[in-house]
Amino acid sequence: MSDFQISPELLNIYLEDARAHLEGLDHALLTLEREGLDPEVVAGIMGPLHTLKGNSGMMGFTGIKDYVHRLEDVFVRVGQGTVTLSRPLFDRLFAGASALRDAVEQACRQRGEVRSLEGERTVLDAILRQAPEPAAPSTVAAVAPLALPTPAAPPVAPPAPLSAPPADASPSLAAPASSAVSAEYVSARSSMVRVDFSQLDHLLNLVGELIIHRTKLHELGRELAEQMGGHESVELLSAVQQVASVSTQLQETVMDIRMLPIRHVFERFPRLVRDLARQQGKDIELILEGEGTRIDKAIIDEIGEPLVHMIRNSVDHGIETPAVRVARGKTPTGTILLSAMQESNHVLITIMDDGSGIDAAAVRRKAVGRGLLKADETIADRELVQLIFSQGFSTAETVSELSGRGVGLDVVLKSIERLNGLVEVETVPGVGTKFIIQLPLTLAIISALLVEVSDRTYAVPLGSVVESLKFRSTDVHTINGRDTLRIRDRIVPLVRLDAFFGLRAAADQTAHYAVVLGRGDKRVGLVVNRLRGQQEVVIKALDPAVSGTAFALAGATIMGDGRVVLILDVAAFFEGRRQALAHGRSRPALAGGS
Amino acid sequence: MLRKILAVDDSALIHQMYKLFLSRYKNCKLISAMNGLEALDKLAQEEGIDLILLDINMPVMNGLEFLQRLQKESAYQAIPVIIISTEGKEEDTIRGLKMGAKGYVKKPFQASELHGLIEKITAAG
C-alpha cells in the first residue's frame with residue numbers, strides 16, 4: 001500500500017483476525033485428517049480463507065495473499081474430489097499452515113513481509129498440477145479476466161433497468177416469510193461487541209476506585225449517623241448501602257467480562273501434539289476437557305507458553321513409542337488428557353499422560369549430583385519428584401533438548417508463580433504422570449495478608465504464605481552471618497522487611513512476627529511488626545521502572561481509607577541474592593526511581 | 001454531496017480501512033454492516049444512504065443475494081452500489097455488475113482508486 005500508513009491499530013485488527021482464521025484452518029485440517037473428506041468442513045474453511053486473502057492484500061502482504069489464494073484452490077479441488085486426501089498431503093498442508101502462521105506473525109511484528117512463502121507456494125502448485133483441472137466452469141468465468149473493465153472505467157455490463165420493478169408485487173424486505181430467519185440473525189449478531197482489552201482494564205480500575213470511595217462514604221455516613229442521629233442519616237446510610245450493592249455487582253460484572261474460555265489456549269494443542277507425535281513416530285491421542293472453563297484474559301495470555309512446554313514434555317518423555325507400549329502391555333496409542341475445571345476461585349489445569357512416568361531414582365541421582373539433596377537424605381517419592389521444578393534441574397528423563405530447548409521445568413514454575421499459581425506433579429512409574437496447575441481466576445484481585453513494618457503496611461499474596469508465627473529476638477540464631485529461625489525441624493532464613501525496604505526499625509523490638517513464604521520446598525521468613533489480617537485486594541500495576549523482582553514489588557492496591565499499599569513480589573525473596581536482600585543494600589532506592 | 005455511505009463487508013479490517021479512506025469526505029456518515037442481511041437492516045433504519053460499498057463473499061447473506069433483494073425494493077434501487085471484489089472471483093463481480101452495480105474496485109485497493117470511483121459514480125448518479 002502506498003497511499004496510507006499501516007497503523008498499529010490496523011495491524012492489530014488484521015493479526016487478531018488472521019489468527020482466528022489460521023486456527024480455523026488448523027481445525028479444518030485436523031478434522032479432515034481424522035474424519036476424512038467432509039464437504040461441510042471444506043466449505044466452512046473457504047470463507048475464512050477468502051477473508052484472510054482479502055485482508056492480507058489490503059495490508060500489502062502479497063506473499064501471504066498469494067499463498068492463501070493457492071490454498072483456496074487446493075481446498076476447492078479437495079471439495080471436488082480431484083485432490084485426494086492422503087498423509088503426505090496433510091503433512092504438506094500442515095507444514096504450509098505453520099509457515100503461513102509464521103509469515104503472518106512476522107509480517108505484523110516487522111510491519112512488512114519478511115518471511116517468504118515462495119517455497120511453500122511451490123508445494124501447493126505441485127499439488128494443483130498433479131490434480132486434474134476442475135470441471136470447466138461457466139463461460140462467464142472463463143472470459144472474466146478479459147471482460148472486466150479497469151476500475152476507473154464504467155462497467156461494461158449494462159446496468160439492469162433500475163426503474164422496472166418485477167410485475168408481481170415485490171416482497172417487502174420485512175416480509176413475514178423471511179422475518180423469522182432475520183430476527184434470529186439480528187439477535188445473534190447484535191449481542192456481541194469487540195472491545196479493546198485495555199479499556200476493560202481501565203474500567204476495572206475505575207470500579208476499583210469506586211469501591212474505595214464507597215468504603216470511605218460508608219465510614220463517613222456511619223460517623224455522621226452516630227453524631228447526629230435522625231431520619232436523614234438513616235436515609236443516607238441506606239443510600240450508601242444501595243451504592244455498595246450496585247458497585248459490588250458492577251465489579252463482578254466487569255471481572256466477568258474479562259474472562260475468556262480457556263479454549264483460546266487449548267485449541268492450538270491438538271496441532272502441536274499431532275506434529276510432535278509424527279516427528280517422533282508416536283501415536284498419541286489428545287483429549288481436551290473443560291475448554292469452556294473461563295479465566296481472566298491476562299492469565300490466558302500468559303499460560304500458553306508453560307502449557308506448551310509441559311505438553312511437549314509429556315509427548316517427549318511421557319508417552320512411549322508404540323512398540324515399547326505394546327511390550328509394556330499398553331495400547332499402542334498413548335493418551336494425553338488436558339483438562340480445566342473451576343474450583344471455588346481457582347482454575348485447575350491437569351495434564352495427564354499414560355506414559356512411562358518419572359523415574360524417582362533418576363531424579364534422586366540428579367538431585368544429589370546438583371547438591372539439591374544430601375546423598376543420605378530420606379524424602380518421600382512424592383516430594384522427590386517435585387524437585388524436577390528446581391532451578392537448573394534437568395535430566396534426560398524429564399527434559400529433552402526438544403521440549404526444553406535448554407530450559408527446564410523451573411521456567412514453567414516461574415511463569416506459573418508469576419501468575420500467583422501453583423504446580424504439582426504426581427507420577428506412577430510405568431503408568432503415567434499428572435501435572436496439576438492451580439491458577440487464580442483473575443490477576444486483578446488477590447487474597448493478601450496485610451502486614452505492618454515500621455508503621456507501613458504491605459500486602460503479601462496469600463497463596464505463597466505457608467504460615468505466620470510470633471517469635472522473640474532470642475529465638476533467632478545467626479548462621480553464616482545470616483539470621484535464621486528454627487521452625488519445628490527446619491532452619492528458615494529470615495529477611496527483615498524494614499531493612500530490606502530501607503525503613504527505620506520500629507521502636508518496639510521485643511516481639512516480631514515471621515510470615516513464612518513457601519516456594520516448592522524452600523522457605524523464607526519475612527520479619528514484620530504486626531499482622532493485620534487478610535483481605536481481597538484489587539491489584540493496580542506499578543510502573544515497570546519501580547516494580548518487578550528487582551524491587552520485590554508486584555503492584556499496589558488502594559485501601560478503603562485511600563492509602564496506597566504495596567504488594568510484595570514473593571519470587572524476589574527466593575532469587576538467591578540472599579545477602580543483598582538481607583542487608584537491603586545494592587538495591588535502587590524506591591523513591592528515586594532507577 | 002455525500003452524506004451517508006453504507007459499507008458492507010465481513011472483515012473488521014476492511015471497515016477500519018474505510019474509516020481511514022473515507023475520512024476525507026467530511027460530514028459523511030459511514031455506516032457499517034457485516035453481511036447482506038445486516039445491510040438490509042441498516043437500510044431500513046437509516047434514511048438517505050447515498051452509496052453502498054459491497055463485498056461479495058460474506059456469511060449469512062452474500063453480496064449477490066443482497067443485490068437481488070435491493071433490486072426488488074423500489075426505495076433502494078436508485079442507490080449506487082460499488083462492488084469490492086476479490087481476486088479469483090471475477091465471475092461474481094460480473095454478475096454483480098449485471099445486477100445493477102455501478103462499478104467495482106478490486107481488493108487490495110488504494111484510497112485513490114476508491115475516491116476516484118466514488119466521485120465518478122456519485123457525481124454521475
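Reader: How many residues has the largest nonpolar core, and which have the most contacts inside it?

Author: A nonpolar core is a set of buried Ala, Val, Leu, Ile, Met, Phe, Trp, Tyr and Cys residues joined through C-beta atoms within 7 Å. Buried means that 20 or more other C-beta atoms lie within 10 Å of the residue's own, with C-beta atoms placed from the backbone. In this predicted model, local features need pLDDT of at least 70, side-chain atom pairs count only at pLDDT 80 or more, and totals for chains, interfaces and linings use all residues. Residues are numbered from 1 along each chain as its sequence is written, while chains are lettered from A and ligands numbered from 1 in the order in which they are written. The largest core here has 76 residues, and Leu497(A) and Leu526(A) have the most contacts inside it.

Reader: Where does this core lie?

Author: Domain bounds come from an automatic or database domain assignment. Domain 3 (261-440) and domain 4 (445-583) of chain A both contribute residues, so the core lies between them.

Reader: What is the strand order of the open sheet in chain B?

Author: Strands (E, at least two residues) are DSSP runs, numbered from the N terminus, and two of them pair if DSSP finds at least two bridges between them. The five strands follow the order E2-E1-E3-E4-E5 with parallel pairing. E1 (residues 4-8) and E3 (residues 51-55) of chain B are joined by four bridges, and Ala7(B) stands opposite Leu53(B) in E3(B).

Reader: Which strands stand at the edges?

Author: Strand E2 (29-33) and strand E5 (103-106) of chain B do; each has a single partner strand, so one side of each is left without a neighbour in the sheet.

Key
A residue is buried if 20 or more other C-beta atoms lie within 10 Å of its own, exposed if 12 or fewer, and partly exposed in between; C-beta atoms are placed from the backbone.
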